[in-house]
Amino acid sequence: MLFLGCIKEVSDYELAISLPSGLSGFVPVTQISDAYSKMLSKQVAQGECLEDLNSLSDMYSPGTLVRCVVTSVEKSADGRRSIKLSIDPKKVNKGLNASALASGMLLSGSVSSVEDHGYLIDIGVSGTHAFLPHQKAQNYIKAVKRGSDLKIGQNLNCVIVEVKSEGRMVCVSIDRSEVAASLATERQNWTLSNLLPGLVVKARVQKVAPLGIKLSFLSSFTGFVDFMHMDPEKSMNYSPDQVVKACILSIHPVSRVVRLTLRQAFLHPGGSPNQLSSDRMGAVVEESTVKAFYKQFGAIFELEDGTFAFARLRHLSKNRKSFKPGAFKMGCKHKCRIIDYSLMDEMCIVSLKYQVIEARFLQLQDIHTGDVVQGKVFAFKSIGMQVKVTDGIKGLVPSMHLADVILKQPEKKYSIGDEVRCRVLECNPAGKKLILTLKKSLIQSKLPVLSNYEDAKPGLITHGFVVCAREFGCIVKFYNDVKGLVPKNELSSEPISCPDKVFHEGQVVKVVVLKCEPQQERLLLSFRLSSKPVPEDKKECTSKKKQEVKYQIGEMVDVKVLKKKDNGLEVSILEDEGNVVALIPTVHLSDFVANCKLLWHCLQEGDVLPRVMCLSYKGEHIILSRKSAVISAVQEEQVVRSFSEIQPGMLLTGYVRNVMPFGVFVEFPFGVTGLAPKVSMSDKFVTDTKDHFEVGQTVIAKVMSIDEEKQRVLLNLKVSECSSGDSAAESFALLDQYFKEIKEIRNLLRSRGESSIDQGLCELMPGKELQLVVQDVKEDGSALFSGSCVTGWTVTATRYHLGDKSIVPGEKTKALVLHVDPLTSKVYVSLREKLLKQ
């Protein structure tokens, strides 16, 4: 369905559009135009910002009229419908073809490229090239763009000035006076299949009814103007055969019903509807007068300032039972509240519901950080719990904030629909983000709310919550993501050797501010509430001393595991007495992808890892690596430290940073990155790149070519190209390294012996002979086994490894261990005689 819409809000990823009849929809960033989508794809592929790719806010502003087409209507969990739209000319102008184009036609176009003498415009008509000369754009650029050029992806109202070569070439204008004077006529040969919203036509009134007017236009078409789109000044003065100017609002593709408007703001193409001043949103009107009541739709009211407002039927009373039509006769007065504004109807949307009029919050802008709000439990998510504050406002309670202590099963404490009292931790209307807490200690706190660094004056006492407890101290968070450090010496009047044993994540604490540097967003705190602020000169010396502690990339250090995180191990560097915290990502625990997950599983807090290499810095964090191949390459100086050192033909050791459908990005020590295209990834034919490589995998890459201007490196990952000579020796060396790591893991588990699975892993060595019982033979020919020596494990043999044996459930048999996967508790065995004899 085609609509004329008005841009309501512009964000990074979508346009919010006001549609007729109080509806609204969204245009995703991928539905602007072909040229803009190609630039977005290019930016994603290159991983860097393109100079000529402008953001949506650079090209679009609220109040602009646009033609759009409905692409889908989705229903959310709470029953609300979400209308997805497109303003891509190829979809909006789908009904047009080259032969139908005529001079004087007004249609949507999008800038597809900037040329020397003008712009190429995409009007969505196959086989037609549209050109906009500079002189036909100057008037518009001066008035609207304030001197800056048009941008690729910008949507324009175009008037066809000249049609050449039977529609294969057209010249267009966006001159404001030409667009404003445009009128659709019979000579332009419009049909119901290509008619567009936004066209202004001369129409004749056929019939006047209480709910609207029936019009005829362009000689053979009929359309309807509903009660919301009659000119408020003339709504009672229309009569049959009267000639009026009207603008097409929507065209239904199946029923071919055309809706029009007689409102003045739409009768000049390129115009803009009236806006509502922001201070009126949410305002309560004590006396609004009923002007008209429509039993199927709602009522029109005149507000105290003389403007008109519309209330939908469901907003006229608390529920259907309490609704009394007699209360809405013309002239009756009611109290109401402005809850929205429809740009396309130039009308306030109001509600007469008592609960809406008395509601404390109507939109996110009404909520402030630190507010205590009532809500209902709406849904459980993996990251926390959704709470419904009002019909249109939902917030998230992160898992850490579901109670004063961490809840492992929140659904046992809360049920859907439960009333809960929360406090607002963060409210960001622009990002449509509302974060709440259910911690009673924070909700009931009478201390000041700390929501920005400027308010953190030395001596201020307030409540916060611990987000991190380490050997160096505690990091405490407040409202609006404000956070500060409580150093080890300020944790207590008594020395605390292991803060992580005393303080836990999510714990609510009372702190005093010692020092704050708002510009650097640095905050120093103390749990010793009688503490005095640290003297400036002493503190500066301490911070300078800390800043001097640096580790060079390639330097080897010994570390101790502090905490296991989802993405790796948080460790302290022993050389610095454990004061420096670093991270070993899971993928950097080994050169072998399978061993990375296994090592993460086996290692525990307190374990010491010798000879780990400093790989890079990300923000304030040091990233470390245990990859033997990468460490060897750095120590043997088989690395490049900058782009200028790269030469075609070089063999470099690195690790996969990203796997994309078109190829693999490989990163090397010291930060140089290259791309191995799909054709250069493998000696085999590549269908799906993800079948060949994983993020973090260690690789040897050969430099194919370099582009100094764009600072790009093209790589080859084919084994046949990346071998240094003796490929057999290289393969055996890698296998030897793999088995050494497996042995290390087994020794680690043997020393712990915490579970039967860990003990089993130590005993189930590849090559070991087992006595098993056949449990089941599957349809694919594979078999499952059981036995006292494999309790707790799933033992499988594939059809091939059953050899020529015909086995039945319950039968006893010998089998040889081929592979053990402790993470899935699976053992793969073989019954083949050839292997058993060896």
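Author: Buried means under 20% relative accessible area, exposed over 50%, and partly exposed in between, with a 1.4 Å probe and protein chains only. Helices (H or I, at least four residues) and strands (E, at least two) are DSSP runs, numbered from the N terminus. The model is predicted: local features need pLDDT of at least 70, side-chain atom pairs count only at pLDDT 80 or more, and totals for chains, interfaces and linings use all residues. Residues are numbered from 1 along each chain as its sequence is written, and side-chain values use heavy atoms, with hydrogens and water left out.

Reader: Which residues of helix 11 are buried?

Author: Helix 11 covers residues 628–635. Seen down the helix axis, its buried residues fall within an arc of 160°, so they line one face of the helix; the arc is that of the directions from the helix axis to the C-beta atoms. An α-helix has 3.6 residues a turn, so residues three or four places apart point the same way. The buried residues of helix 11 are V630, I631, A633 and V634.

Reader: Which residue with a positive phi follows helix 11?

Author: The phi of this residue is near 60°. The residue that follows helix 11 is E637.

Reader: How many disulfides are there?

Author: A disulfide is a pair of cysteine sulfur atoms within 2.5 Å. By this rule C68 is in none, as the nearest cysteine sulfur, that of C6, is 10 Å away. C68 is also buried, with a relative accessible area of 0%. The count of disulfides is 0.

Reader: Which residues touch the most other members of the largest nonpolar core?

Author: A nonpolar core is a set of buried Ala, Val, Leu, Ile, Met, Phe, Trp, Tyr and Cys residues joined through side-chain atoms within 4.5 Å. The largest one has 60 residues, and a second, separate core of 26 residues includes L65, V285, L303 and Y341. In the largest core, the residues that touch the most other members are I121, W190, L195, L215 and F217.

Reader: What is L195 in contact with, leaving aside its neighbours within four places in sequence?

Author: Contact means heavy atoms within 4.5 Å. On that basis, the partners of L195 are L2, W190, F217, L218, F221, I248, I251 and V258.

Reader: How far apart do the C-alpha centres of domain 2 and domain 4 lie?

Author: Domain bounds come from an automatic or database domain assignment. Domain 2 is 364–444 and domain 4 is 555–626. Their C-alpha centres lie apart by 35 Å.
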